[in-house]
Amino acid sequence: MSLNDFNKLGLCAQLVNVVKRLGYTEPTEIQSKTIPVALAGRDLMASAETGSGKTAAFLLPIIERLKPKGAPRALILAPTRELALQIDANAKSYSRAARLRTVPVVGGESAPRQIKALSSGADIIIATPGRLNDLIERGAVPLKAIEVLVLDEGDRMLDMGFLPQVRRIVRHLPRKRQTMLFTATLSSAVERLARELLIDYVRVEALQTRATVATLTQKAYPVLSHAKIPLLLALLKQHREETFLVFTQTRRGADRLAQVLEANRHDVVTLHSDRNQSQRNRALASFRSGGARVLVATDVAARGIDVDDISFVINYEVPATADDYIHRVGRTARAGRDGSALTLVSPEEEAMLAYIERSAGVKLERARLNGFSDGRSEEQIRLATEIALLRSPSRRSFNPSRASR
Ligand code: ADP
Ligand code: MG
């Protein structure tokens, strides 16, 4: 089915006008494939690359089907507060005409205010699992009328970190409901877990894959560890007008790097889970508005975050998994725009990068900036990588603890 007209998907004219006014001239592939299925009330497992418009793919059918009623009928779960707040903002902009009330329920913000908003008539709840469970325990979340459950970043919602929380929430939901899972990355393990929640579901996949997105440039810069900061400073200088999202592996690493960049007179903000929510919100707002040109973040900013016109994603360190790589680089080159994802790779990290290239199905061009060669020839790097891969072939050795986010 290839429906490239919002009018033909089964949405009402009013809603189609709303999205057209937002500049969505035609539906993306995942939207045209999922919206009719979602409108029919079917369970859904949908996968499509980062930046392909999955949010509207689940929000529009929900908004189409719900009539304002004052009891929550839809529940959307997301892994980070920033993502939940972003989905809430999208939902508000799509549903204004439909007069639906959306309430974000996320950690780090006033619980009493959320409880009050829930009791004064919410139609759509958009939540992170931790806070939602808190409020459920306090009896503050009416879930009896929920008709639709969405797991955004579905693979993350079903991994070991979140699965127990999600199961607890689902126990409070009516059995008879529609459940939809959206994800950019999907493993067979996740698909097996998802069967716990989905009934007689339709599996939808957008065929385009990140590896073939023409607007994304992906490169690796081989560099000695101690030369990473000078290299990053040189890149920032070379692209004075552009915005940079820089990922570090740890929260402390993010703070340290931000200090150095600040000392070099760059407008920097940081986002990680050691900062309080108002600091996190301010950082993201300032990066969105262009007040800060550089955002230094941990993987908490990797999933789902949609900021217009991020020119560069920098992996200051090689990420721990191929999924992390895919989600990070997915913050740029969104919705058809240009973008670059550059990975700084020290000799010690070459083997891990090779592993990621293999599992993500990408081959990164090796780039060099004058004065920042690590002194080795291409051939030396290739040999060192092969040897390292032979020594430690298991995934485990490339997957250091993810606990330090
Ligand atoms: P995903 O969840 O697949 O990573 P998002 O839902 O965050 O992607 O959407 C990425 C960007 O594309 C957002 O800025 C969104 O407003 C925009 N977008 C969504 N649908 C369309 C469309 N049909 N036409 C143009 N832009 C769209
Ligand atoms: Mg998304």
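**Reading a chain and its ligand shell**

Tutor: In the protein chain, residues 24 or more positions apart account for 75% of the contacts with a separation of 6 or more, where a contact means heavy atoms within 4.5 Å. This is a predicted model, in which local features need pLDDT of at least 70 and side-chain atom pairs count only at pLDDT 80 or more, while totals for chains, interfaces and linings use all residues. Residues are numbered from 1 along each chain as its sequence is written, and side-chain values use heavy atoms, with hydrogens and water left out.

Student: How is burial read, and is Ser 346 buried or exposed?

Tutor: Buried means under 20% relative accessible area, exposed over 50%, and partly exposed in between, with a 1.4 Å probe and protein chains only. Ser 346 has 2% relative accessibility and therefore counts as buried, and of the 405 residues of the protein chain, 54% count as buried.

Student: Which residues does Ser 346 touch, not counting residues up to four places away in sequence?

Tutor: With those neighbours set aside, Ser 346 touches Val 223, Ser 225 and Lys 228.

Student: Which polar side-chain atoms lie by ligand 1, and at what distances?

Tutor: A polar contact is a pair of N or O atoms within 3.5 Å; within protein, one must be able to donate a hydrogen and the other to accept it, and residues adjacent in sequence count only if both atoms are side-chain atoms. A polar side-chain atom of Tyr 24 lies 2.6 Å from an oxygen atom of ligand 1, whereas one of Gln 31 lies 2.8 Å from a nitrogen atom of ligand 1.

Terms used: Chains lettered and ligands numbered in written order.
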